[in-house]
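Welcome! Please take a moment with the sequence and the 3D view, and then we can walk through a few features together.

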Amino acid sequence: MNRSNWLKHAFAAIVLVSSFSASVTAGPMEDAITAYRKADYATALRLWHQQADQGLALAQSYLGRLYFLGRGVPQDYAEAMKWYRLAADQGEARAQAGLGLIYDKGLGVQKDHVRAHMWLNLAAAQGDKLSAKYRDAIARERLTKAQVAEAQKLALDWKPISQPSR
């Protein structure tokens, strides 16, 4: 498999495979995930939106995914970015990976490989192996050593913020 195809597969794998890696407890989150798995995107959207509006990072991340993929909503990278950012700022690894992919591909934003590396590095630091592989590929193929150092400094300086409940 050539490098371009590998990156495409890694991109898809990060978005799709990691989407259900969190353990959940019974309740609205589990109901939303069950609805999503059954392609009942309207129910998933409604349940995740209620939780996301309360500041729950995991729900914000899943909302970002719905908009990123266009599941039950029109595909909207700006809206995906909004929800991913709210969750990523709280330290949610899937959202950090999503932001990394958005910045790397320039989906609704200007391409920024340094910022992509930073977000993927943060997700990788939480054990996301696919984010680590994708981050490393970006470092090899798109960044200078100075840019990698800049991205690493941004990741080291990053601090999560609490999202106020609404």
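Helices here are DSSP runs of H or I with at least four residues, numbered from the N terminus (strands are E runs of at least two). What you are looking at is a predicted model, where local features need pLDDT of at least 70 and side-chain atom pairs count only at pLDDT 80 or more, while totals for chains, interfaces and linings use all residues. Residues are numbered from 1 along each chain as its sequence is written, and side-chain values use heavy atoms, leaving out hydrogens and water.

Let us begin with helix 5, which covers residues 77-88 and holds both E79 and K82, three residues apart, about one turn of the helix. An α-helix has 3.6 residues a turn, so residues three or four places apart point the same way. E79 and K82 form a salt bridge, with their closest N and O atoms 3.3 Å apart; the term stands for a side-chain nitrogen of Lys or Arg within 4 Å of a carboxyl oxygen of Asp or Glu. K82 is partly exposed at 39% relative accessibility, where buried means under 20% relative accessible area, exposed over 50% and partly exposed in between (1.4 Å probe, protein chains only).

By this rule, there are eight salt bridges. Another of them joins the side chains of E92 and R94, at 2.0 Å from N to O, and here E92 and R94 are both buried.

Next comes helix 8, residues 129-142, whose 14 residues reach 20 Å from first C-alpha to last, close to the expected 20 Å. That expected span is 1.5 Å times one less than the number of residues. Several of its residues are buried, including S131, Y134 and I138. R135 and D136 meet in a salt bridge at 2.9 Å, N to O; R135 is buried with a relative accessible area of 15%, whereas D136 is partly exposed at 34%.

Finally, turn to the aromatic rings. Rings of Phe, Tyr and Trp (its six-membered ring) pair if their centres lie within 6.5 Å, and planes under 30 degrees apart count as stacked, over 60 as edge-to-face and the rest as tilted. The whole structure has six aromatic pairs. In one of them, F68 and Y77 sit edge-to-face, 5.6 Å centre to centre with 65° between the planes. F68 is buried, with a relative accessible area of 4%, but Y77 is partly exposed at 25%. W119 and W158 are also an edge-to-face pair, at 6.2 Å and 70°. W119 lies in helix 7 and W158 in the segment after helix 9, so this pair ties together parts that are 39 residues apart in sequence.
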